[in-house]
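This briefing is meant to be read with the structure open beside it. Please take each topic in turn and find the residues it names before moving on to the next.

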Amino acid sequence: MQYWLMKSEPSVFSIDDLARRPRRTDHWEGVRNYQARNFLRSMRKGDQVLFYHSSCAEPGVVGIAEIVREAYPDSTAFDADSAYYDPKSDPENPRWVMVDVRYRRKFARTVTLKALKAQSRLRDMRLLQRGNRLSVMPVTKQQWSVIEKMAQA
């Protein structure tokens, strides 16, 4: 099993939105960065995800999701009416993929970006590296454990 962090703006799609979906499951579409896309391709069913709210008043980790379907073509890339449309993406050889995630639980409180930065055991976490704007990134098992404990404190 691997561990991941996926960022979403809560005004676009929040952990509460995921919890309200049928079967508490939805696809994670619209990733248009090659490195993040490659991370999506690496995800396996059962992998665990830290759900992170970004671009909001209090950014931070708000809960946990799980990968329930591995990478498959992102249909929004072929939809000219979609904000994620990519005219260069070919259905025969898709450039972009998505995965399905299922809500597991919401933390009682947000583990804020400020708190993450203050935790010395997380100093090597990709999220906290200068200039890192990826929406999908790996997390080590140790980082995962630290964040889960922070959520319970």
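In this predicted model, D26 is a buried residue, because its relative accessible area of 13% falls under the 20% that marks the limit for that word. The side chain of D26 meets that of R21 in a salt bridge, with 2.7 Å from N to O, and R21, at 32% relative accessibility, counts as partly exposed. The points below go on from this pair to the other salt bridges, and then to the sheet, the helices and some single residues.

**Salt bridges**

- How many salt bridges does a search of the whole structure find? The search finds eight, and the pair formed by D26 and R21 is one of the salt bridges in the model.
- K106 and D16 also meet through their side chains in a salt bridge, at 3.1 Å from N to O, and this pair links distant parts of the chain, since K106 belongs to strand β5 and D16 to helix α1 (residues 15-20), 90 residues apart.
- K106 is partly exposed, with 42% relative accessibility, and D16 is likewise partly exposed, with a relative accessible area of 30%.
- A further salt bridge joins the side chains of D86 and R95, at 3.7 Å from N to O; here D86 counts as buried at 11% relative accessibility, whereas R95 is partly exposed, with a relative accessible area of 24%.

**The sheet**

- Six strands make up an open sheet with mixed pairing, and their order across the sheet is β2-β5-β4-β3-β1-β6.
- Why is one side of β2 and of β6 left without a neighbour in the sheet? Both β2 (25-28) and β6 stand at the edges and have a single partner strand each, so one side of each has no neighbour in the sheet.
- From one strand to the next, the twist averages 40°.
- As a general rule, strands of a sheet pair through backbone hydrogen bonds, and they may do so in a parallel or an antiparallel way.
- In this sheet β4 and β5 pair in the antiparallel sense, over 10 bridges, and G60 is found opposite T112 in β5.

- Helix α4 (residues 141-152) lies across β1, β3 (48-53), β4, β5 and β6, and its direction is at about 45° to β5.

**Y3 in strand β1**

- Y3 is part of strand β1, and with 13% relative accessibility Y3 counts as buried.
- Leaving aside residues up to four places away in sequence, Y3 touches Q48, P138, V139, K141 and W144.
- Y3 and V49 are 46 residues apart in sequence, yet their C-alpha atoms are 5.9 Å apart in space.

**The loop between α1 and β2**

- R23, in the loop between α1 and β2, has a phi near 60°, a positive value in a residue other than glycine.
- R24 also has its place in the loop between α1 and β2, and its phi is near 55°, again a positive value in a residue other than glycine.
- Is R23 exposed or buried? At 67% relative accessibility R23 counts as exposed, whereas R24 is partly exposed, with a relative accessible area of 41%.

Technical notes. Residues numbered from 1 in each chain as written. Predicted model: local features only at pLDDT ≥ 70, side-chain atom pairs only at ≥ 80, totals over all residues. Heavy atoms only, no water. Pairing = 2+ DSSP bridges. Helix = DSSP H or I, 4+ residues; strand = E, 2+ residues; numbered from the N terminus. Axes fitted to C-alpha atoms, helices over the stretch in contact; angles between N-to-C directions. Contact = heavy atoms within 4.5 Å. Salt bridge = Lys/Arg side-chain N within 4 Å of Asp/Glu carboxyl O. Buried < 20%, exposed > 50% of the residue type's maximum accessible area, 1.4 Å probe, protein only.
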